[in-house]
Amino acid sequence: MAPCWRILRGIRYRFLLVAARRQLCSLEFPKRYLNFKLDEKTAHSCLDLFKKETGVIYRTIGIDPSKVPKNPERFREWAVVLADVTLSTGKHYWEVTVKRSQEFRIGVAEANMSREECIGASDCSWVYAYLRRKWYSMSSNEMVPVDFFGKPDRVGFLLDCEDNKFSLIDVEKVAVISTITAEFKMPLVPAFALWDGELLTHSGMDILQGI
């Protein structure tokens with residue numbers, strides 16, 4: 001028969017172990033948010049970044065392309081800019097203020113997509129486009145209307161790398177408006193194109209509950 005002191009030590013050890021597990025479960029670990037800025041190295045010469053590189057504005061008369069630093073990452077033919085982060089796993093959510101633009105595309109693209117193409121024009125990018133007061137999902141230059149969605153000031157986007165889904169979110173109603181499902185080739189990068197006005201991005205946010 002085991003001595004009493006060994007039994008008591010075993011009970012005390014189990015008690016401390018349970019207490020430690022409870023304390024560990026109660027800890028709030030810092031959440032990992034998607035944080036990004038717009039990457040000036042990729043921006044077309046008619047686009048200017050502002051608000052600490054979280055916003056982009058379209059200039060009808062842009063910078064003379066010959067005066068823009070030569071960079072193989074820069075879009076040369078289309079008014080496109082990419083974010084400065086690549087995504088390969090997990091779920092990621094961000095929002096964009098769109099109230100000051102009437103023609104734009106917002107989506108995700110393969111990080112190494114051709115800088116001679118516009119986002120949405122090939123099978124290397126997947127976007128939601130807004131033009132002529134209507135929304136469209138778009139890839140490979142094929143546009144599918146997104147019905148029953150107006151023009152809010154701000155919209156959300158949810159990328160699910162594991163399920164290969166990219167969704168347009170109604171921020172006010174906290175609802176998924178449309179979802180693109182495709183065989184993404186990682187890594188992906190948030191991508192933006194516009195032909196008037198400005199867009200302002202918002203990252204570092206929780207995924208809205210209920211979507």
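## A threonine to start from

The side chain of Thr 201 reaches the backbone oxygen of Thr 54 at 2.6 Å. That is a polar contact, meaning a pair of N or O atoms within 3.5 Å; within protein, one must be able to donate a hydrogen and the other to accept it, and residues adjacent in sequence count only if both atoms are side-chain atoms. Thr 201 sits in strand β13, residues 198-202. Helices (H or I, at least four residues) and strands (E, at least two) are DSSP runs, numbered from the N terminus.

Is Thr 201 buried or exposed? Thr 201 is buried, with a relative accessible area of 6%. Here buried means under 20% relative accessible area, exposed over 50%, and partly exposed in between, using a 1.4 Å probe and protein chains only. Leaving out residues up to four places away in sequence, Thr 201 touches Phe 36, Leu 38, Thr 54, Glu 95, Val 96 and Phe 192. Touching, or contact, means heavy atoms within 4.5 Å.

Residues are numbered from 1 along each chain as its sequence is written, and side-chain values use heavy atoms, with hydrogens and water left out.

The pLDDT is the predictor's confidence in each residue, from 0 to 100. For the protein chain the mean pLDDT is 87, and 81% of its residues reach 70 or more. Over residues 24-30, though, the pLDDT is below 50, and this stretch has 1 contact in the model beyond near neighbours in sequence. Where pLDDT is low, the predicted coordinates should not be read in detail.

## Strand β9 and its partners

Now look at strand β9, residues 154-160: 6 of its 7 residues are buried, so the rest of the structure largely encloses it. β9 pairs with strand β4 (residues 91-97) in the antiparallel sense over 7 bridges; two strands pair if DSSP finds at least two bridges between them.

The hairpin of β9 and β10 has 4 residues between the strands, and in it Asn 164 takes a positive phi near 55°.

## A histidine in β4

His 92 belongs to strand β4 and, at 15% relative accessibility, counts as buried. A polar atom of its side chain lies 2.6 Å from the backbone oxygen of Thr 89.

Which residues does His 92 contact, leaving aside its neighbours within four places in sequence? They are Leu 34, Leu 87, Phe 157, Leu 158, Leu 159 and Cys 161. His 92 and Ile 207 are 115 residues apart in sequence, and their C-alpha atoms are 7.4 Å apart in space.

β3 is joined to β12 (residues 188-194) by 3 antiparallel bridges, and Val 80 has Ala 193 as its bridge partner in β12.

How values were computed
This is a predicted model: local features need pLDDT of at least 70, side-chain atom pairs count only at pLDDT 80 or more; totals for chains, interfaces and linings use all residues.
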